[in-house]
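Hi everyone, thanks for making the time this morning. I'd like to walk you through one model, so let's bring it up on the screen.

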Amino acid sequence: MIDKKIGFIGAGNMGSAILKGIVESKTVAKENIFVYDVSPAIREKMQEYGVRVVADNETLGSLSDVVILAVKPQYMKETLASAGNALEGKCVISIAAGLSSEKLRGMIGGNVRLLRTMPNTPAMVYAGAFALCNDSDLTEEEKQMAQQLFAPLGIVEWVPEHLIDAVCGVSGSGPAYVAMFMEAMADGGVREGLPRATAYQLAAQTVMGTAKWYLESGTHPGVMKDMVTSPAGTTIAGCAALEKNGLRNAVIEAVHAGTIRSKELGD
């Protein structure tokens, strides 16, 4: 268990996913977790988790050893201004897409140690993907703490900050791409006569199982495909249809678009 006081500025979808995972995994004691969000409804929901909901961002900063910035990029400047000088000398972790460490420091205006990260929403079921910037100025002890904080919620990869926008395009936005693919698979099953509930279950398990197969075996995705694709069989017919309709290019372009948008948000 991490013996630090952790503060969350913002508890929307991503912030609450991380907070929920930390609480349920008991990585940090509930009484050591502080939360503030501008939404009264979200503040009320956070009280159900047993964490300490505070009155404002300045109070949160003064009570916390580590502050997690979990607000949207377009609201970050105003949010940080409302914290006053309470972040001075603190370890600050940002999950905001697009905002570089340099820009965040300019908004904070004080002396902080800053770690930029990119998580994703499957953290709420302990299957998240977290990218942490290895060129951060956190102390080694604080980097180990960050690793420990996020590891129970999924996998943790350390990357240089100049690649964090690409991470946003792949895993940050990726759950939406996978959900669309899963929905399309289910629609295909319904078209062929499967009950919708059955089609969704089969599609979801197939997505999860294939990902688990890769993560546990390290088998190259191309080899995995070949193992399922027999000569003149059903799978190669389906693969040909995907290639004809541009699946690979569509996914590559989705990742590229997400990466570009992450960079735009920083501008």
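First, some housekeeping. This is a predicted model, where local features need pLDDT of at least 70 and side-chain atom pairs count only at pLDDT 80 or more, while totals for chains, interfaces and linings use all residues. Residues are numbered from 1 along each chain as its sequence is written, and side-chain values use heavy atoms, with hydrogens and water left out.

So, the overall picture. The protein chain has 12 helices and eight strands; these are DSSP runs numbered from the N terminus, with helices being H or I of at least four residues and strands E of at least two. Its C-alpha trace spans about 65 × 35 × 30 Å along the principal axes. Of the 267 residues, 39% are buried, where buried means under 20% relative accessible area, exposed means over 50%, and partly exposed is in between, using a 1.4 Å probe and protein chains only. Take the contacts between residues at least 6 apart in sequence: 62% of them join residues at least 24 apart, a contact being heavy atoms within 4.5 Å.

Now please find helix α7, residues 164-172. Which of the residues in α7 are buried? They are Ile164, Asp165, Val167, Cys168, Gly169 and Ser171. Their cover includes the strands β6 (113-118), β7 (128-133) and β8 (154-159), along with α8 and α12.

α7 and α8, residues 174-191, have axes that come within 5 Å and cross at roughly 30 degrees. The axes are lines fitted to C-alpha atoms over the stretch in contact, with angles running from 0 to 180 degrees between N-to-C directions. That makes α7 roughly parallel to α8; the classes are roughly parallel under 35 degrees, roughly antiparallel over 145, roughly perpendicular from 65 to 115, and oblique for the rest. On the α7 side we have Gly169, Val170, Ser171 and Gly172, and they meet Gly174, Pro175 and Tyr177 of α8.

With α12, residues 247-266, the angle is about 135 degrees and the axes are 7 Å apart, so this pair is oblique. Here Asp165, Ala166, Cys168, Gly169 and Val170 of α7 meet Val255, Gly258, Thr259, Ser262 and Lys263 of α12. Sorted by class, that contact has four nonpolar, four polar and two charged residues. For the classes, Ala, Val, Leu, Ile, Met, Phe, Trp, Tyr, Cys and Pro are nonpolar, Asp, Glu, Lys and Arg are charged, and the others, Gly among them, are polar.

On to helix α9, residues 196-217, which holds tryptophan 213. Is tryptophan 213 buried or partly exposed? It is partly exposed, at 31% relative accessible area. Leaving out residues up to four places away in sequence, tryptophan 213 touches Gly218, Thr219, Met224, Met227 and Val228. Alanine 199 also lies in α9, but this residue is buried, at 3%.
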